[in-house]
Amino acid sequence: MTTELKKNHALILRTDGEFEIIDWPADGHLAILYRAIDCRNVDAVDISTTLTMWVDDEGLINGAPVNHGATILYALHKEPHQHYHGTTVITGGTGRHGETLGLSKDEIASLVEFHLTFIPLRIPGQRDRRAS
């Protein structure tokens, strides 16, 4: 299997619009999710058969900010019924044995492209050495 086809990544979407690509190993997923989302309880939200969004189950109760990127991503696939709060982790769908699948580099690239298209991020301009 070539590296491009391996599904061993996940995407963290933060409430401030920043994102991070992380490794998604064969096991230890719960610890990774707790650390990435910084929570005590996670909930899986199926966006599609190939995308799962992991959220802080207590994000709304704890007053976490709305995650606009996660909410828009969900709305592109299904009728939105709520806003999602706090940091989220996006993984692949579920395997035939119930395991949570990772994402390939191509799937990550598509999600990042979407994220950069719909989420207003301040991208720093080029620095002029003469101005220093």
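Visitor: Which residues line the largest pocket?
Guide: The lining consists of D43, V45, V55, D56, D57, E58, G59, L60, Q82, H83, Y84 and H85, and β3 (42-46) and β4 (52-56) are the elements that give two or more residues to it. This is a predicted model, in which local features need pLDDT of at least 70 and side-chain atom pairs pLDDT 80 or more, while totals for chains, interfaces and linings use all residues. Residues are numbered from 1 along each chain as its sequence is written, and side-chain values use heavy atoms, without hydrogens and water.

Visitor: How much space lies in the largest pocket?
Guide: About 200 Å³, and the residues of its lining divide into four nonpolar, four polar and four charged.

Visitor: Why is α2 called roughly perpendicular to α3?
Guide: Helix α2 (residues 68-77) and helix α3 (residues 105-118) pack at an angle of about 110°, with their axes 10 Å apart. Because roughly perpendicular covers angles of 65 to 115 degrees, α2 counts as roughly perpendicular to α3.

Visitor: What makes the contact between α2 and α3?
Guide: With contact meaning heavy atoms within 4.5 Å, G69, I72, L73 and L76 of α2 meet L111, F114, H115 and F118 of α3; by class, that contact has six nonpolar, two polar and no charged residues.

Terms used: Axes are lines fitted to C-alpha atoms, for helices over the stretch in contact, and angles run from 0 to 180 degrees between N-to-C directions. Helices (H or I, at least four residues) and strands (E, at least two) are DSSP runs, numbered from the N terminus. Angles under 35 degrees count as roughly parallel, over 145 as roughly antiparallel, 65 to 115 as roughly perpendicular and the rest as oblique. Ala, Val, Leu, Ile, Met, Phe, Trp, Tyr, Cys and Pro count as nonpolar, Asp, Glu, Lys and Arg as charged, and the others, Gly among them, as polar. On a 1 Å grid over the protein atoms alone, a cavity is a set of points where a 1.4 Å probe fits but cannot get out, and a pocket is an open set with protein on both sides within 12 Å along at least five of seven lines; lining residues have an atom within 4 Å of a point. Grid points are joined across faces, edges and corners, and a volume is the space filled by probe spheres set on the points.
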